[in-house]
Amino acid sequence: MNIHLRNAHPADIAGIMAVERDAFIPEVQEAESVFAERIRVFPDGFLVLVDNDCSICGYFSSERWPVCRTDASVFQLGHSIRKNHTADGPVLYISSMGILSRYRGTGLGRRLFEESLRRITASCSGIERIILLVNEHWDGARHIYQTNGFTEQIRLINFFPSAAGGREDGIIMERNR
């Protein structure tokens, strides 16, 4: 399997949306316009994992913030990257990452996460801290983050809708660069 990481392009939106629909329940899926804006505003922070036949099998998007914020409003679904992003912000916020379900358990999620972080922090000077938000029940993702030095900072109670119709906590995790 020949899979590589590259910067996302506007033409990748259909593939990114296919990953989004496969990876997340409808209540937490981002809109196509949100991803298009993220690619335009911070192209170095939006990467895709591409397989042999040039199909997108995963994506990683991020923003740079001037300060580390932990209020729930900055993590809301559909937020505009333009609201908080600054080109030289010292905080890298991982706004979303997804991988097709058929690739889960193969190590590609970890590879996508680690290579994306390496690439972004190498090409973007001044990043001091990295934060992300994860659902309390996304154990595979949490394991990747924890083994990469991220620790739980704050819980956002009932932040995420669940497939069963209830609510689940969000966990803000952080590490120094």
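**View 1. Thr 121 is a buried residue of helix H3 in this predicted model.** Its relative accessible area is 12%. That value is under 20%, so Thr 121 counts as buried. Helix H3 covers residues 108-123. The side chain of Thr 121 reaches the backbone oxygen of Arg 118 at 3.4 Å. Leaving aside residues up to four places away in sequence, Thr 121 touches Ile 127, Ile 130 and Arg 177.

**View 2. The largest pocket has a volume of about 880 Å³.** Its lining is made of 40 residues. Closest to the centre are Phe 24, Met 97, Trp 138, Ala 141 and Tyr 145. By type, the lining holds 21 nonpolar, 11 polar and 8 charged residues.

**View 3. Helices and strands both contribute to the lining of the largest pocket.** Strand S4 (91-99) supplies at least two residues, as do helix H1 (13-23), H3, strand S5 (129-135), helix H4 (139-147) and strand S6 (151-161). The largest share, 7 residues, comes from S4.

**View 4. Phe 24 and Trp 138 form a tilted aromatic pair.** The rings lie 5.5 Å apart, centre to centre, with 50 degrees between the planes. Phe 24 sits in the loop between H1 and helix H2 (32-41), and Trp 138 in the loop between S5 and H4, so the pair ties together parts 114 residues apart in sequence. Phe 24 is buried at 15% relative accessibility. Trp 138 is partly exposed, at 29%.

**View 5. Phe 24 and Trp 138 belong to an aromatic cluster.** Phe 159 and Phe 160 complete this cluster. The model has 13 aromatic pairs.

Technical notes:
Residues numbered from 1 in each chain as written. Predicted model: local features only at pLDDT ≥ 70, side-chain atom pairs only at ≥ 80, totals over all residues. Heavy atoms only, no water. Helix = DSSP H or I, 4+ residues; strand = E, 2+ residues; numbered from the N terminus. Buried < 20%, exposed > 50% of the residue type's maximum accessible area, 1.4 Å probe, protein only. Polar contact = N/O pair within 3.5 Å; in protein donor to acceptor, adjacent residues only side chain to side chain. Contact = heavy atoms within 4.5 Å. 1 Å grid on protein atoms, 1.4 Å probe; cavity = no way out; pocket = protein on both sides within 12 Å on 5 of 7 lines; lining within 4 Å. Points joined across faces, edges and corners; volume = space filled by probe spheres on them. Nonpolar A, V, L, I, M, F, W, Y, C, P; charged D, E, K, R; others polar. Phe/Tyr/Trp six-rings, centres within 6.5 Å; stacked < 30°, edge-to-face > 60°.
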